[in-house]
Every structure is written in structure tokens, then in C-alpha cells.
Amino acid sequence: MTEPRITSTQNPRVKHLVRLRNRRHRDAEGLFTIEGYRELARAIESGIQLEEVAYCPPLFLGANEHSLLEAAGVAGARLVEFAEDPFRKVSYRDRPEGLIGLARQFPTELDRIELNENPLVLVVESIEKPGNLGTMLRTADAAGVDAVIVSDPTTDPFNPNVVRASLGCLFLVPLAVASSTETSVWLAARDVKTFAATPAAERLHWEADYRGPSALVIGSEQYGLSETWLKSTDEAVRIPMLGDADSLNAAMAAGVMLYEAVRQRSTRRQPTTDNR
């Protein structure tokens, strides 16, 4: 469905999209915005419920935007053309790509997550910076993680900077939001071993065995992991720090841990030879 073209920065649709930058309004309405071609394409491919797509042809960067709009329309989204000035007002970016979707927030309950027999899970606790959470989601997708659990969230996964930093991988990785206690109990009930990353651990992260059902737990940028995780984890590990810095960026730490798990899980055990 195509709506009349928006030309004024004072249009109610413009004001509504700007309001959704605020978490209070996102939570109250159950809506969030998805800006950018790749992000919107991944949302559509993943079946995210789109209410509306605002588009501005003069800002398009390629030749595939019209096909994407067609797909959004087929999925039931209203298509609303914006003039450049009102579009730039609603955009969250310095260099907008001419596409912003308005979507319904999807459920993030723990019990919606279905794990396979040998899952690899990333748990991130109280991550403060949306860019870090988005980067973790992107890295989790690249590493083939079975689920990402955001425990005791400080930033919400529907923040526009999370969507942006994840490049739309927010829609590709099974995602749950829960308290740290709920997450710990949920993982234990499914016999998933937890590995908490903390500088105080004696064991190095590559000395742990992630080949079985594993959950890698990363703490907040400022405070690290809470006592909930430090006391309940099955194994504490640390990433070696050889310089003056005492810790890595939280998203970087997640990447280091995840790809050690990927390396271990990708290494085939050599068959034993019976020399009798």
C-alpha cells in the first residue's frame, strides 16, 4: 500500500519516527525502527513484522532498493515516500541510505529458544553500549551461535544503534532477554556448561573445552560480570592481557571467546590407530 508523499518535517509521521529513538516510546508502543538496506533486507527475509517503510529515492545508494520496497509491500508494509528534508530528520545516520522500516518488536522470552543437542550460546550481561551489543550479535551470527541471551539488560536490543551495529544480524540469531538468575537456571536445566570470562580467573580461555554444550558469558564494559555469574558459573576463564590494558572491549572479548570455541568445534579428532 502506497501512502501520500511526506514533504514537511512537521508531519506527524516524522514526529512519530523521531520519538521512537527513545526507549520509553519504543517499549510503550512495541515498535522500533530499522534503517538501512542490508538491515531491512534481513528483517524481511527473517519474517519481521513490518508496519511501514519510509523511503527517499534521492538517497538510494544502489539499484536494488525498489525490489526491496516491493518485497516489503508484499509482506504487508505501508510504503511512504519522504522528501529529503523530512527523511534526514528521521534518519539516525550521518549518511542515510533512504530506507527506514517501522517494525513490531518480536518476542524475546527464554522459553522461545530451542537448542540443539550440542549448542553454543553467547550470554551477555548488562551491556551498556548499543554498538557493543550490535557487534556481539553480528559476531555471534558469523560464529554460528545457536542463541544470544541478553541478561539483566541495560540497553535494549531494539535500540537503533543495536540494529545498525548488528547489520541486521539481530534478526538472524535466536535472541532472548532475561535476568541473570533466570538465564543461569535455564542453562543448567538444559545441561549447558557455562564459561564466565573474568580477569580474576586462573585458567586461560583456550585451556577450557567448549566442544560440548557451552554458554560463553561476557560481562558489562565497566563492571564485568556480576556475583550471580561468578558464583554460579561452571568454569571461569580469562583472556590473557600482555600489555598495560587490564581488559578488552566487551564485544572484542566475545569475539575472542567465540572463535576459540569455533576453532575447537571445527577441529576433527584424529582417529586412533590400533597397533596391536
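In this predicted model, Asn 132, Thr 135, Met 136, Thr 139, Ala 140 and Ala 142 of helix α6 come up against Ala 250, Ala 251, Ala 254, Gly 255, Leu 258 and Tyr 259 of helix α10. Sorted by class, the residues of this α6–α10 contact come out as 8 nonpolar and 4 polar, with no charged ones. As for the geometry, α6 spans residues 130-142 and α10 spans residues 250-266, and the two pack at an angle of about 15° with their axes 9 Å apart. Angles under 35 degrees count as roughly parallel, and α6 and α10 are therefore roughly parallel to each other. Their crossing is right-handed.

On the α3 side the contact is made by Tyr 37, Leu 40, Ala 41 and Ile 44, which meet Glu 65, Leu 68, Ala 71 and Ala 72 of α4. The tally for the α3–α4 contact is 7 nonpolar residues, no polar ones and 1 charged.

Now for the aromatic rings. Searching the whole structure turns up 7 aromatic pairs. One of them joins Phe 32 and Phe 171: the ring centres are 6.2 Å apart and the planes stand at 40°, so this pair is tilted. Phe 32 belongs to strand β2 (residues 31-35), while Phe 171 sits in the loop between α7 (160-166) and β8 (175-178), so the pair ties together parts that are 139 residues apart in sequence. Phe 32 has a relative accessibility of 0% and therefore counts as buried; Phe 171, at 9%, also counts as buried, since the cut-off for that label is under 20%.

Another pair is formed by Phe 195 and Tyr 210, with 4.8 Å from centre to centre and 75° between the planes, which is an edge-to-face arrangement. Phe 195 is part of strand β9 (residues 193-197) and Tyr 210 is in the loop between β9 and β10 (214-218), so this pair ties together parts that are 15 residues apart in sequence. Phe 195 is buried, its relative accessible area being 0%, and Tyr 210 is likewise buried at 0%.

Back to Phe 32 and Phe 171: ring pairs link these two with Phe 106 and Phe 158 into a cluster.

How values were computed
Residues numbered from 1 in each chain as written. Predicted model: local features only at pLDDT ≥ 70, side-chain atom pairs only at ≥ 80, totals over all residues. Heavy atoms only, no water. Axes fitted to C-alpha atoms, helices over the stretch in contact; angles between N-to-C directions. Helix = DSSP H or I, 4+ residues; strand = E, 2+ residues; numbered from the N terminus. Parallel < 35°, antiparallel > 145°, perpendicular 65-115°, else oblique. Left-handed = near helix turned anticlockwise from the far one by under 90°. Contact = heavy atoms within 4.5 Å. Nonpolar A, V, L, I, M, F, W, Y, C, P; charged D, E, K, R; others polar. Phe/Tyr/Trp six-rings, centres within 6.5 Å; stacked < 30°, edge-to-face > 60°. Buried < 20%, exposed > 50% of the residue type's maximum accessible area, 1.4 Å probe, protein only.
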